[in-house]
Amino acid sequence: MTADGASAPGAAVPEETVPEETAFVQEVPRGEPILEVRDLVKHFPLTQGILFKKQVGAVKAVDGVSFDLMQGETLGIVGESGCGKSTLAKVLMNLEPATGGSVRYKGEEISRLSGSGLKAVRRNIQMVFQDPYTSLNPRMTVGDIIGEPYEIHPEVAPKGDRRKAVQDLLDVVGLNPEYINRYPHQFSGGQRQRIGIARGLALKPEVIICDEPVSALDVSVQAQVINLLEQLQGEFNLSYMFIAHDLSIVRHISDRVGVMYLGRLVEIGSDAEIYDHATHPYTQALLSAVPVPDPTARESRDRIVLTGDVPSPANPPSGCRFRTRCWKAQQRCEDEVPLLVSPSWLGGAARHDSACHFAAEREVGQGAAERGNGQGAAGPEDGQSPD
Amino acid sequence: MDAVEVIGGGRESLAPGTPLLEVEDLHVEFHTRDGVAKAVNGVSYAVSAGETLAVLGESGSGKSVTAQAVMGILDMPPGRITSGRILFRGEDLLTMGANARRAVRGQKIAMIFQDALSALNPVLSVGYQLGEMFRTHHGVSRKEAREKAVELMDRVRIPAAKQRVGDFPHQFSGGMRQRIMIAMALALEPDLIIADEPTTALDVTVQAQVMDLLAELQSEFNMGLILITHDLGVVADVADKIAVMYAGRIVESAPVHELYARPAHPYTRGLLDSIPRLDQKGQNLHAIKGLPPNLLRIPEGCAFNPRCDRAQDRCRSELPPLVPVTGEHGEELVGRRSACHYWRETLHG
């Protein structure tokens, strides 16, 4: 209402109406969520019997994941194998139908879309796969691979312009445009990943989901591909969801980082909040286990070595899923599922979303188990009452 | 049998300071349809008891082929060892008879593979596979072998070993399978273990458990360990000395601390620089330009020259030998070697 008066003089400026008409997609200002994920669930049924299939259980690959992907940002997702990070990517792309929850792209619910609506959304969310050896069809030329998205979305590039569009894309990702008639086997791993990226860019998407894009590449080539992804992000104003298990690469490329364990996000925050002020025990253990490429740190490292393996996602522990491997676990962790919220008893950079009843920063040099005993004073209820 | 006795002499028989294993100027080629791929071109290294040598390199650098030649499990043909010697306790493994070689393999030198699921036999129980070592090499009964297997599984800390000894490989998790691989390698208490990317297929939290176990067992038995990997982080954690391989050659060797602090070869420097660091956030990573070489067409001169920022005409024509490097004032740097014409500039510049 008050804004009306303020915008009235602005309406006289002619430029303001022009982009309104030409924009096919509605603009989302930087800092607004482009992808909103709420309580996303993906269960794979476990069945018994051949003719009369009876469901006997479910692999809870993704079990209640919520986050926002902001316009122009890179959200890193880390976690060990089997934690559901790749399934999450597939559900976001609607390659696998979600069991429950919602995914909204610019405010539009995509998990219930079908037909032309789904097609339009998929154009704007593209994916770069992990293995450049299996994700490119060996019988197609590079030109056909990168140009294939245009067959499905002919409106992006008219038929006559496609060859030129593909050559431009090859140029953008740092490959020689004359390679358009070559086959994937004539390229090295790093070059193939560039082809995969070019294909992802073909439809001028707004969001690219990168599922372990460099883990199959040689160390000396990984940095090249990371640099390319960062350069493209600036050039095309892309939002990335960057799924990887290499924590140092994720930190380098991400604005925010989410940590997954057994189908749930256990902690999410800015890269500094996660890497320097982690409050969830799993994040702390994960970070401490990463081998540091510095031999002088060998003696001074304060490593948390977790016992045991990740439990089966078909039968996850009750309450907090990490409790079976956690040194802080109490009765409460068994009874009550911790929510992904900012712990009220923490301040500063430590106050970011963390799904732990006893979230606390790690004090280096102090026995981790000791701190778990101080939980009575640090519990959320107790923490709130004095305030 | 005599050969076995000679080689198999007690652990103490080795004079102190003598390397357990010496590889001297090893050359390995593969004959392929497209020509001869020169996988290993004159590699020399040595490992002593209780020492950890890390062989660092990318795929195709020849690090695994060298290990396979040491172990005697190279596919021949298409592979061929064209020259060189592999001395284990002073005996050349390459000129040894097949039976003597077999006695060394497993008993004296054991190997841990990257992918435990494909290295284990899926249709035999792990207890059987572990016990097989004792039945073949020591001729014990099935019952005894099974007891030994349980003992081994206990030692690598597999929970409920007694109940799980009859389980098959697919019933174990990745970390547990790798423990079984380690148990199998340790079964006959070898003097030397070759671990080819032992933790690459594992998650970081499990990787830490497995590396700790390996290091602990190594010091317990005073074994030599050759760790083959591409992971600069793992190397920094466990190695005593490092050999960096590129296109079938060692381009730099050094004690671990010195290599990370001051690399003497542009390739090593490039690898270290390409690790994302905190202060580089938002900037480009220092990538090594170009691609690893095709082994059918290794570049003339220094194999790294097309990717090197320092490359001069000399690098394109003259193969740099692996020479000892010295400090700024000409002082000796123990154990440091570099195969770069311009190591002085790389190290001190």
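Strand β8(A) has a parallel partner in strand β3 (residues 74-78) of chain A, and four bridges link the two. Within this pairing, Tyr240(A) of β8(A) has Thr74(A) opposite. Strand β7 (residues 207-211) of chain A also runs parallel to β8(A), joined to it by five bridges. Here Ile209(A) is the residue that stands opposite Met241(A) of β8(A).

Stepping back to the whole of chain A, the domain assignment gives domain 1 (33-49 + 56-254) and domain 2 (294-384). The centres of these two domains of chain A, taken over C-alpha atoms, are 32 Å apart. Eight residues of domain 1 and four residues of domain 2 of chain A make up the contact. On the domain 1 side, strand β2 (residues 54-70) of chain A supplies the largest share, five residues. That side of domain 1 of chain A comprises four nonpolar, two polar and two charged residues.

The average pLDDT of chain A is 81, and 86% of its residues score at least 70. Residues 1-28 of chain A, however, have a pLDDT below 50, and this stretch makes six contacts in the model beyond near neighbours in sequence. Residues 365-387 of chain A likewise have a pLDDT below 50, with 25 contacts beyond near neighbours in sequence. Where pLDDT is low, the predicted coordinates should not be read in detail.

Chain B is likewise assigned two domains, domain 1 (19-239) and domain 2 (263-348). Their centres, again taken over C-alpha atoms, are separated by 30 Å. The contact between these domains of chain B draws on eight residues from domain 1 and seven residues from domain 2. Strand β2(B) gives the most to the domain 1 side, with four residues. By class, the domain 1 side in chain B has three nonpolar, two polar and three charged residues.

Strand β2(B) also belongs to an open sheet of four strands, arranged in the order β2-β1-β4-β5 (chain B) with antiparallel pairing. The edges of this sheet are β2 (35-47) and β5 (91-92) of chain B, each of which pairs on one side only. Further in, strand β1 (residues 21-32) and strand β4 (residues 79-88) of chain B are antiparallel partners over eight bridges.

Finally, the two chains meet in an interface where 31 residues of chain A are in contact with 36 residues of chain B. On the chain A side, α8 (219-236), α9 (247-253) and α11 (281-289) are the elements that give two or more residues. Helix α8(A) provides the largest share of this side, seven residues. The chain A side as a whole consists of 15 nonpolar, nine polar and seven charged residues.

Note on methods. Residues numbered from 1 in each chain as written. Chains lettered and ligands numbered in written order. Predicted model: local features only at pLDDT ≥ 70, side-chain atom pairs only at ≥ 80, totals over all residues. Pairing = 2+ DSSP bridges. Nonpolar A, V, L, I, M, F, W, Y, C, P; charged D, E, K, R; others polar. Domains from an automatic or database assignment. pLDDT = per-residue confidence, 0-100.
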